[in-house]
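User: Please guide me through this structure and show me how its features are read.

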Amino acid sequence: MNFYEHTLIAKQDLSTLELENIEKKYKDIITKTAGKVIKVEKWGLLNLAKKIKVYNKGFYIHYKFEAESKTLEEIKKNSIIDNSLLRHLTVKYKKLDTDTEYFKEKDANEKEK
Amino acid sequence: MKRKNKKFNKRPQNPLNKLSLFQKSDSRFSKKCPLSGKDAPIIDYKNVKLLKRYVSDTDKIMPSRITSVSQNKQRKLTSEIKKAKILGLI
């Protein structure tokens, strides 16, 4: 069992219900293949640095989980076929730090101003 | 009578002595690596604020001879910057 981080970019023009379905779908994939979801972060709608397939913005969803190589294959298979996603990335970690959230602090500071 | 020891008094450098306007003065240049040592920032692809400092205006990775990052950390930086570029964060 190893620790991984997985981030998705969903398309900009999706409804909130569809976004929840996407979040649920990948959560289920991890839990079905004997994995363990530690944390799910929603970064919300962010500007992309460059245009990706006509889109300027995207919804970011971030998973932190513990699993084996079986689940990674399963996630990769599904996210390549998935039409509502723009990009995805998985990174392996020896240790996960669940405390620091780089994208949540920004929003809180902006609201105060 | 005491004579002032003028030899060791550092005189301020005349800006006209420089070869070019963009040449940095010697005192300002630091050779220490800003990313290693105690309470150094974490290099991670989510830490976009930090990574943007080491990228030029045209999205190129800055060479370590300019930023004075150590070789070990420079290797980490490049891999994290490339990850951030895949996700469209930089």
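**Reading helices, strands and turns**

Analyst: The buried residues of helix H2 of chain A pack against E1, H1, E3 and E4 of chain A. This is a predicted model, in which local features need pLDDT of at least 70 and side-chain atom pairs count only at pLDDT 80 or more, while totals for chains, interfaces and linings use all residues. Residues are numbered from 1 along each chain as its sequence is written, and chains are lettered from A and ligands numbered from 1 in the order in which they are written.

User: What do labels such as H and E stand for?

Analyst: Helices (H or I, at least four residues) and strands (E, at least two) are DSSP runs, numbered from the N terminus. A residue is buried if 20 or more other C-beta atoms, placed from the backbone, lie within 10 Å of its own, exposed if 12 or fewer, and partly exposed in between. Two residues are in contact if their C-beta atoms, again placed from the backbone, lie within 7 Å.

User: Which residues of H2(A) are buried?

Analyst: An α-helix has 3.6 residues a turn, so residues three or four places apart point the same way. In H2(A), the buried residues are Thr71(A), Ile75(A) and Ser79(A). They lie on the same side of H2(A) because they cover an arc of only 60 degrees around the axis (the arc is that of the directions from the helix axis to the C-beta atoms). Turned away from that buried side is a face with the exposed residues Ser69(A), Lys70(A), Glu73(A), Lys77(A), Ile80(A) and Ile81(A).

User: How many residues does H2(A) have, and what span is expected?

Analyst: The expected span of a helix is 1.5 Å times one less than its number of residues. H2(A) has 13 residues and reaches 19 Å from its first C-alpha to its last, close to the expected 18 Å.

User: How many bridges join E2(A) to E3(A)?

Analyst: The antiparallel strands E2(A) and E3(A), the latter covering residues 55-67, are joined by 11 bridges. Gly44(A) has Tyr60(A) as its bridge partner in E3(A), and Glu41(A) stands opposite His62(A).

User: Is Glu5(A) buried or exposed?

Analyst: Glu5(A) belongs to strand E1 of chain A, residues 2-10. Glu5(A) is buried, with 20 other C-beta atoms within 10 Å. Leaving aside its neighbours within four places in sequence, Glu5(A) is in contact with Tyr63(A), Lys64(A), Thr90(A), Val91(A) and Tyr93(A). The C-alpha atoms of Glu5(A) and Tyr63(A) are separated by 5.6 Å, although these residues are 58 residues apart along the chain.

User: Where is the phi of a residue other than glycine positive?

Analyst: Most residues other than glycine have a negative phi. Ala34(A) has a positive phi near 60 degrees. Ala34(A) sits in the loop between helix H1 (16-32) and strand E2 (36-52) of chain A, and counts as exposed because it has 12 C-beta neighbours inside 10 Å. Lys53(A) also takes a positive phi, near 50 degrees, in the hairpin of E2(A) and E3(A), which has two residues between the strands. In chain B, Asp39(B) has a positive phi near 35 degrees. Asp39(B) is found in the segment before helix H1 (48-53) of chain B.

User: How many helices does chain B have, and how many of its residues touch chain A?

Analyst: Chain B has three helices and zero strands, and 16% of its 90 residues count as buried. Nine residues of chain B are in contact with 10 residues of chain A. On the side of chain B that touches chain A, the residues divide into five nonpolar, two polar and two charged. Here Ala, Val, Leu, Ile, Met, Phe, Trp, Tyr, Cys and Pro count as nonpolar, Asp, Glu, Lys and Arg as charged, and the others, Gly among them, as polar.

Definitions and conventions. Two strands pair if DSSP finds at least two bridges between them.
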